[in-house]
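Try each task before you read its solution.

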Amino acid sequence: MNKPLQIIITLILSVSLLSIARSQSFDLVINNGRIIDPESDLNAVRHLGVSNGRIMVISESTLTGLREIDASDLVVAPGFIDIHAHGQTEEAYQLMVQDGVTSGFELEIGTAHVGEWYAERAGGQVLNYGISIGHIPIRMALFDDPGRFLPVAAGGSGIAGPEIMDRMEKMLRQGIAEGAVAVGFGLAYTPAATETEFETMLDIVTEANATAHIHTRGGLNGLQQIINSARKTGTPLHIVHANSSGGSSIGEFLGIIQEARDTGQDVTTEMYPYGASYSDIASALFDNWESWEDDRFQRNMWVETGERLTRESFGRYRQIGGGLITFSRTEEQTREALRNPLTMIASDGRILDGKGHPRSSGTYAKVLGQYVREEQVISLIDALRRMTIEPARRLEKFVPAMRNKGRLRIGADADITIFDPRTIIDRSTYTDPILPSQGIQYVIVNGEVVLNESNLNSTVRAGVAIRSN
Ligand SMILES: [Zn+2]
């Protein structure tokens with residue numbers, strides 16, 4: 001072939017290749033947005049193409065697709081991953097999506113029946129979901145505890161003899177075999193669970209390569225004991241809600257976790273951005289209520305009616321059981337927990353018939369609106385890191401599906417949250433906990449638009465089960 005002809009052919013070829021790339025059409029494209037991906041540190045205007053539920057391209061030029069979203073002036077982030085979400089109902093899922101969440105996991109309490117739990121949700125949900133096998137519900141089942149969510153009787157206070165221990169081990173192994181995402185513990189709710197019982201369970205967690213998600217007991221000493229046990233058994237640990245377990249000692253609490261990490265131990269933690277806790281009034285957390293000073297009762301709110309309590313009403317409601325909100329921490333304690341780079345963001349939310357704690361609906365928008373934009377406690381990319389890639393990394397060693405979540409990278413699942421950084425804010429309150437967050441414009445789950453121009457389309461059921469196997 002002579003030289004001029006070769007040049008002409010090469011030219012024709014490259015022009016046609018270029019036009020193929022230009023005309024390539026995606027299922028969905030997001031143009032002109034500021035893409036923030038904490039895994040790669042990308043923080044720039046880019047254009048993103050999605051097909052078959054996956055991110056196909058992140059481009060410097062605009063793209064065309066069957067559906068095109070113009071994200072000018074908006075932030076395009078990986079969908080938020082909530083690794084502590086008790087509300088595993090349609091009602092809770094819808095509020096979570098409106099707060100930017102694309103995957104919600106209940107890992108602290110969990111369930112005793114993993115297979116059944118997934119089967120109940122198999123018809124498709126508005127977001128991705130997953131569950132742990134839980135030490136607490138296993139105990140509740142074995143001791144016939146009548147509590148609806150947390151132990152109110154022998155599930156927490158019963159001593160496990162050899163036969164119960166044997167059945168406990170079997171149930172734990174079965175839950176793991178059925179695909180549980182982690183193993184949940186709440187030692188504060190099971191005061192009768194001994195260190196031996198705990199370490200026996202941890203051995204099973206280690207053997208499975210899973211992670212133990214733990215609500216600690218006994219303040220700083222209790223935390224240290226748990227970390228020591230996990231070091232002995234070689235178990236990866238995730239300490240839930242450092243803010244409420246650490247309380248006024250939050251600095252020391254996080255310091256103990258940091259020390260363990262410095263020695264190479266796998267320990268992580270999380271927080272929710274609120275000064276009040278939520279639990280069941282009948283649980284072991286309040287076993288010593290009769291010895292409280294009188295003025296402590298009015299720091300507690302009965303969720304059902306919103307009333308502040310007295311010694312008399314506390315005693316009365318404790319007989320019934322139900323949601324209790326306790327105002328116990330200062331704003332500065334919440335900020336201190338957030339300033340520490342160790343804390344992932346997780347809601348610890350739970351909504352039942354419109355009642356509950358505002359964190360169930362507002363955790364993510366509150367961090368991004370109040371603590372990032374208004375108070376500048378942490379940077380935007382740092383906040384997003386704790387909502388996306390960090391929780392994905394916490395789970396992905398045991399749960400391979402998480403390796404494709406929490407990041408905007410070619411080949412990753414198209415779980416994407418698009419919000420306006422100038423207006424994003426939570427609206428839910430202690431008296432109206434189901435007001436959805438605002439400023440979140442689009443939420444995309446596995447490539448499907450579930451939240452469109454801030455309107456939820458709950459007929460889009462693109463959320464899938466996430467399991468370890
Ligand atoms: Zn919780």
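A pocket here is found on a 1 Å grid over the protein atoms alone: an open set of points with protein on both sides within 12 Å along at least five of seven lines, and its lining residues have an atom within 4 Å of a point. This is a predicted model, where local features need pLDDT of at least 70, side-chain atom pairs count only at pLDDT 80 or more, and totals for chains, interfaces and linings use all residues. Residues are numbered from 1 along each chain as its sequence is written, and side-chain values use heavy atoms, with hydrogens and water left out.

**Exercise 1.** Find which residues lie nearest the centre of the second largest pocket.

Solution. Start with the lining, which has 20 residues. Those nearest the centre are His 86, Glu 106, Gly 110, Arg 148 and Phe 149. Next, look at the elements: β7, α4 (135-142) and β18 (351-352) each give two or more residues to this lining. (Helices are DSSP runs of H or I with at least four residues, strands are runs of E with at least two, and both are numbered from the N terminus.) With four residues, β7 gives the most.

**Exercise 2.** Work out which protein atoms hold the zinc ion as donors.

Solution. Donors are N, O and S atoms within 2.8 Å of the metal (3.2 Å for Na, K and Ca); water is not among the atoms, so sites may look incomplete. Along the chain, their spacing reads H-x1-H-x21-E-x239-D. His 86 sits in the loop between β6 (80-82) and α2 (90-97), while Glu 108 is in strand β7 (residues 101-111), so this pair ties together parts 22 residues apart in sequence.

**Exercise 3.** Decide whether His 86 and Glu 108 are buried or exposed.

Solution. Buried means under 20% relative accessible area, exposed over 50%, and partly exposed in between (1.4 Å probe, protein chains only). His 86 and Glu 108 are both buried.

**Exercise 4.** Find how many residues of α4 are buried.

Solution. Go along the helix: His 135, Ile 136, Pro 137, Ile 138, Arg 139, Met 140 and Leu 142 are buried. That makes seven of its eight residues, so α4 is mostly covered. Just after α4, Asp 144 takes a positive phi of about 55°.

How values were computed: On a 1 Å grid over the protein atoms alone, a cavity is a set of points where a 1.4 Å probe fits but cannot get out, and a pocket is an open set with protein on both sides within 12 Å along at least five of seven lines; lining residues have an atom within 4 Å of a point.
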